[in-house]
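Please find below a briefing on a single protein chain. The sequence and the model are shown first, and the notes follow by topic.

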Amino acid sequence: MSEQEASYDYHRYRQLLSEAVDETSRLRLISLLITERARDRLEAQRASDRSAMTAETVAKVLGNGRREQFQRG
């Protein structure tokens, strides 16, 4: 199970499902699940973007340092 899947509150969702006795409450539950899934995906994408930007910055810094060493030596 991935870290993202582990963050889901299955007990809460089961409780909400058991309380969804009519079409309106079921539709609210579906909407909630869609909204929370979208939020989780957006957060995962942001984390991925931050990691990529950090890796790119580190590569640039290390790359510049190597070029300076070759130019001096």
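**Briefing on the predicted model**

Arg-39 is partly exposed, with 49% relative accessible area; partly exposed denotes values between the buried class (under 20%) and the exposed class (over 50%), using a 1.4 Å probe and protein chains only. The model is predicted, so local features require pLDDT of at least 70 and side-chain atom pairs count only at pLDDT 80 or more, while totals for chains, interfaces and linings use all residues. Residues are numbered from 1 along each chain as its sequence is written, and side-chain values use heavy atoms, with hydrogens and water left out.

**Fold and surface**

- The chain contains 3 helices and 0 strands, where helices (H or I, at least four residues) and strands (E, at least two) are DSSP runs numbered from the N terminus.
- Along the sequence, the pattern reads α-α-α.
- Of the 73 residues in the chain, 10% are buried.
- The chain has an accessible surface of about 6,600 Å², and carbon and sulfur atoms account for 55% of it; areas come from the Shrake-Rupley method with a 1.4 Å probe, and for residues only the protein chains shown count as cover.

**Confidence**

- Mean pLDDT for the chain is 81, with 75% of residues reaching 70 or more; pLDDT is the predictor's confidence in each residue, from 0 to 100.
- Confidence is highest in helix H2 (residues 10-19), at a mean of 88, and lowest in helix H1 (residues 3-6), at 47.
- Over residues 1-6, pLDDT stays under 50, and the model has 6 contacts beyond four places in sequence for this segment; a contact means heavy atoms within 4.5 Å.

**Salt bridges**

- The whole structure holds 4 salt bridges, each defined as a side-chain nitrogen of Lys or Arg within 4 Å of a carboxyl oxygen of Asp or Glu.
- One of them pairs Glu-36 with Arg-12, with the closest N and O atoms 2.9 Å apart. This pair links distant parts of the chain, as Glu-36 lies in helix H3 and Arg-12 in helix H2, 24 residues apart.
- Glu-36 counts as buried because its relative accessibility is 8%, whereas Arg-12 is partly exposed at 32%.
- Arg-39 forms a salt bridge with Asp-40 (3.6 Å, N to O). Asp-40 is buried, with a relative accessible area of 16%.
- Lys-60 and Glu-56 also meet through their side chains in a salt bridge (3.4 Å, N to O). These two residues are 4 apart in helix H3, and therefore about one helical turn separates them.
- Glu-56 is partly exposed, at 45% relative accessibility.

**Surroundings of Ser-25**

- Ser-25 belongs to helix H3 and is buried, with a relative accessible area of 13%.
- The side chains of Ser-25 and Asp-22 are joined by a polar contact of 2.5 Å. A polar contact is a pair of N or O atoms within 3.5 Å; within protein, one must be able to donate a hydrogen and the other to accept it, and residues adjacent in sequence count only if both atoms are side-chain atoms.
- Apart from neighbours within four places in sequence, Ser-25 is in contact with Glu-19 and Ala-20.

**Nonpolar surface patch**

- Leu-27, Ile-30 and Ile-34 make up a nonpolar surface patch with about 300 Å² of accessible area together. Patches consist of residues with over 30% relative accessible area and no salt bridge, with like charges joined within 9 Å and nonpolar side chains (Val, Leu, Ile, Met, Phe, Trp, Tyr) within 5 Å.
- Ile-34 is located in helix H3 (residues 23-72) and is exposed, at 54% relative accessible area.
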